[in-house]
Amino acid sequence: MTQRQFTLCAVVLLFGVWGLLPEFTVTKLNYIGLYALVAVGLVMLTGVAGMTSFGQAAFVGLGAYATAWFCTVPAASALLGLAPDSTALPWIGLVLGFFLSATVAWILGSVTLRLSGHYLPLGTIAWGLSLYFLFGNLEFLGGHTGMGGVPPLTLGSLTLRSVRELGLLTWSVLLLILWALHNLLDSREGRAIRALKTGRVMAESMGVDTARYRIKVFVLAALLASLSGWLYAHLQRFVNPTPFNLNIGIEYLFMAVVGGAGHLWGALLGAALITLMKQYLQDVLPSLLGTSGNFEGIVFGLLMLLVLQRFSDGLWPSLARLANRYLRVAPAASAKALRALSQRTLPDKGTVVLSARDVSKRFGGLLANNKVNLDVRAGEIHALIGPNGAGKSTFFNLISGVDDPTSGTVHLLGRDMKTQSSRVFAGAGLCRTFQHVRLLGPRSVLDNVALGAHLRAHSGWLAAMLRLDRGEEAALMQEAQRQIERCGLGPQANDTAASLALGQQRIVEIARALAGQPSVLLLDEPAAGLPHQEKVALAQLLTQLRSEGMAILVVEHDMEFVMNIADRITVLEFGQVIAHGTAAQVQVDPKVVAAYLGGVDGD
Ligand code: ADP
Ligand code: MG
């Protein structure tokens, strides 16, 4: 049996027996579904994209209050010319909730998502608290007493009055969302979202607009929370501020983290576990301890600590390992028609592709680059060498948009790139590797390399969710596979990046850069850590790329490697160019000899 078949059977079984389940079970299941909707948004936000939020309960509240207000205040429906008992009201309430949540999330996100480190979670606590107090203090929302008289939902001629009826809707919606998000994560856009977690530098260098993606994930999580709030309001038919306070926000986060921070199904597992555990503790503890004090909170907290200590990645990965023993993963269906990726025409050989003029960079008192001039031409391998700390990596960052020069100019294909971000450099055809490897360790080599072709495909979130991007995705995978094989890593294509030796991880970075079809390729110490045989293969690959017309700038310590392949060499010392020319010229330059004899490089 495959995992997909198993999931389908479970879903059919759930809906098949829904009508027969006892009322108590249905109620529990419905709550689990409502919580899971919020938790799955948090899995996307926290587990996948790496942003922690304690404030999701506030968005649940926005969804609930928006519909409660719209459905119960006659003046609100009158605004749209609707009767106070119109069955359309809850649906407009849903749209209103979505609108409010998305707007608030967008505004809050624009402010808080810039914060890094501990400030983002602290920011989410602040807005969670403020929205909660706002609900309680606004007279027209019923203050702390809340608002009653929320009508039931109607679907066509069906009125969803009971938990059993509404629960069916909750679970249908939840399963649909799990399906759509699963599709999203298994796409170009999903790779970009995952890349957010490793920090912005790498993702931006692949052409991912990290600020935009962060906001989008944040708004998505808010919309899911708001949807949960809407369903909740029409189930309870009453809203008050209590279920939307900070405690509940923390509980949602627990659900996502305990279930399995980076796994969508983990949200469901976490929601089920925490809901059932809380219920169980509430039932059992009073008789066990002989008092009715609020001890379940304490025991619950301790249990959470234990779970997190024992399963730092949440429970889902352990469960998935168990499932993998009995269930096969069905091979991905291959797309019928590949959609062509965008192609770049390389400039003619000899053209100056990248040019740096008087580029300087100052870090406080240290002048890491001092008026560096350098041209890289199409069809040429240019090496940048120099002792450790000479400023080579700094220079790479300046000419790839990762950092801005203090002074001087950088031109890429004739275009002034002053203060442009690395994303713009990537779009203009500059792809790079990093001295300190930046890969998504738990993802496959194939997935990592496909991220490099991000800008060559265009399908958006909705297309990915609905699987309309399959032709393009297959083309991306094919391109990634091609580059991996070209770099000699074919046998490792499906291994996780983290399982490779460091030298091989550098090669994965090269394949990823090549997937972007660069006009100019920047390689920061690509041969470090490679065995001799693989260095020879790498030299062959670079010579091959040169003959195809690529411009290559390489920083490397292995002199034999450099002298063999470089057409031109620039030598840096203390941030300054001390020599420039062919291998033969540079090798006999007295300044270079002095620099290297003065401090032979350890790497
Ligand atoms: P290389 O790559 O040639 O070994 P780097 O460019 O990494 O050298 O570093 C050049 C100098 O600049 C070093 O002295 C380093 O300590 C300093 N440096 C690099 N990055 C920063 C930074 N972000 N802040 C302050 N100093 C830096
Ligand atoms: Mg360096």
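Predicted model: local features only at pLDDT ≥ 70, side-chain atom pairs only at ≥ 80, totals over all residues.
## The chain as a whole

The secondary structure of the chain consists of 24 helices and 12 strands. Along the principal axes, its C-alpha atoms fill a box of roughly 90 × 55 × 55 Å.

Of the 603 residues in the chain, 51% are buried. Among contacts with a separation of 6 or more, 76% are between residues 24 or more positions apart.

Helix H5 runs over residues 89–112 and has 24 residues. At 1.5 Å a residue, H5 should span 34 Å, and the 33 Å between its end C-alpha atoms agrees with this.

The buried residues of H5 are Leu89, Pro90, Gly93, Leu94, Gly97, Ser101, Ala105, Gly109 and Thr112. An α-helix has 3.6 residues a turn, so residues three or four places apart point the same way. The cover over the buried residues of H5 includes helix H3 (56–72), helix H4 (74–79), helix H6 (119–137), strand S1 (153–155) and helix H10 (210–236).

## The crossing of H5 and H6

Two packed helices are described by the angle between their axes and the distance between the axes. For H5 and H6, the axes come within 10 Å and cross at roughly 145°. The crossing of H5 with H6 is right-handed.

On the H5 side, the contact is made by Val104, Leu108 and Thr112; on the H6 side, Leu120, Gly123, Trp127 and Leu131 take part. Five residues of this contact are nonpolar, two are polar and none is charged.

Ser393 belongs to helix H15 (residues 392–398), while Gln435 is in the loop between strand S8 (430–432) and helix H17 (445–451), so the pair ties together parts that are 42 residues apart in sequence.

Ser393 is partly exposed, its relative accessible area being 26%. Gln435 also counts as partly exposed, at 21% relative accessibility.

## The loop at Ala566

Ala566 is placed in the loop between helix H22 (559–565) and strand S11 (568–573). With a relative accessible area of 11%, Ala566 is buried, because it falls under 20%.

Apart from neighbours within four places in sequence, Ala566 is in contact with Ile381 and Ala383. Ala566 and Ile381 are 185 residues apart in sequence, yet their C-alpha atoms are 5.0 Å apart in space.

Methods
Residues numbered from 1 in each chain as written. Chains lettered and ligands numbered in written order. Heavy atoms only, no water. Helix = DSSP H or I, 4+ residues; strand = E, 2+ residues; numbered from the N terminus. Expected span 1.5 Å × (residues − 1). Buried < 20%, exposed > 50% of the residue type's maximum accessible area, 1.4 Å probe, protein only. Contact = heavy atoms within 4.5 Å. Axes fitted to C-alpha atoms, helices over the stretch in contact; angles between N-to-C directions. Left-handed = near helix turned anticlockwise from the far one by under 90°. Nonpolar A, V, L, I, M, F, W, Y, C, P; charged D, E, K, R; others polar.
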